[in-house]
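Open the model in your viewer and keep the selection tool at hand.

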Amino acid sequence: MFYHVKELQFNARVSRPDPAFATLLLEQFGGANGELAAALRYFGQAFGARQPFPDKYDLLMDIATEEFSHLEIVGATIQMLLQGINGDLKNAADNSEIMKLLNGKAAKEEVIHQGMTAPQFLIGSAGTPAYTNSQGVPWTAAYINGDCQGDLSSDLRSDIAAETRAKMTYEYLLQFTDDPHVKETLNFLMTREVAHYQMFEAALSTIQPNFPPGVLQADPRFSNVYFNMSSGNDYTGPWNEGKTTQLGETLQYIDDPIDYVMKTQGLLQHEASGTDRTQEAVKKVDAQLSKIKSMEVSGASPAGVQSWNADHPNPDNAGKDTRSTNGSKRKTKPAHK
């Protein structure tokens, strides 16, 4: 259940109209790394998390709801950046006064240019924020469908990457406005991306084991092999020497992949090296984790009639301590805002 509070989470302000920057800001309204994409990404992921990880369901729904509030902030900022412009465009009987207000030929040509690069913005929607990016490309679920894989160790890693991309987009946007109020709003939104990054990272750390993502383990013959697949300057670093970051295996450097592949019959004769893991041990872990993951999901779903709200506390108990399935205490709370 959603309940809308009309005040913004952060009181967005603008100093003056700026149609050019409003067009750029559309990137965070309907772009691939924008707030709509983030909100729907976490909203979709939450459904698969509810039964096996009710605590992560709470996290994802909370952040998804906050992202919707950020979408509102971006939309409000765009609207304010067009104050006096979008309304004037509605005056269909006369020529738009905006051309008279703009200072000189160059300013007029800039507005025309904005209309050419994102026509729906000035001549399609008359300034109302549309679900497109800054180039007028419509928002698509293709931006986020790959982020909902039904495995939280995978989904949370996608979320960490998504927060990184969104943070960088705000960082770039900040370079294209000199409005101190707009900068203040963008800095808030950018900072919340940093906060969410850390929250998702912390949530991932509570899922053990979480590497490799999913259930099946990596083949020990190939999990620590580095192929030198390019000619020229060859560099070494922790990615091709020393121990692997997660499995702790010694990296095996193949300097001449072509010769090695030929000698090993297309790697069919390649044997594991630099690792204590064996294929037999991997099969046992695969079977164990498969059983655990299956029971984890099935055990969280009671037999018989299903009811989404069945395990929620009575509204009369709002504010009292309840206990989640992982044993942590939490407060019952009202609907997301």
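Select Tyr 42 to begin: with 0% relative accessibility it counts as buried (under 20% relative accessible area; exposed is over 50%, partly exposed in between, with a 1.4 Å probe and protein chains only). This is a predicted model, in which local features need pLDDT of at least 70, side-chain atom pairs count only at pLDDT 80 or more, and totals for chains, interfaces and linings use all residues. Residues are numbered from 1 along each chain as its sequence is written, and side-chain values use heavy atoms, leaving out hydrogens and water.

The whole structure holds 10 aromatic pairs (rings of Phe, Tyr and Trp, the last by its six-membered ring, with centres within 6.5 Å; planes under 30 degrees apart are stacked, over 60 edge-to-face, the rest tilted).

Next, select Tyr 226 and Tyr 253, a stacked pair with centres 5.6 Å apart and 10° between the planes. Tyr 226 belongs to strand E1 (residues 225-227) and Tyr 253 to strand E2 (residues 252-254), so the pair ties together parts 27 residues apart in sequence. Tyr 226 is partly exposed at 26%, and Tyr 253 is partly exposed at 32%.

Finally, select Phe 2, Phe 43, Phe 47, Tyr 57, Phe 68 and Trp 308, which form one aromatic cluster.

Conventions. Helices (H or I, at least four residues) and strands (E, at least two) are DSSP runs, numbered from the N terminus.
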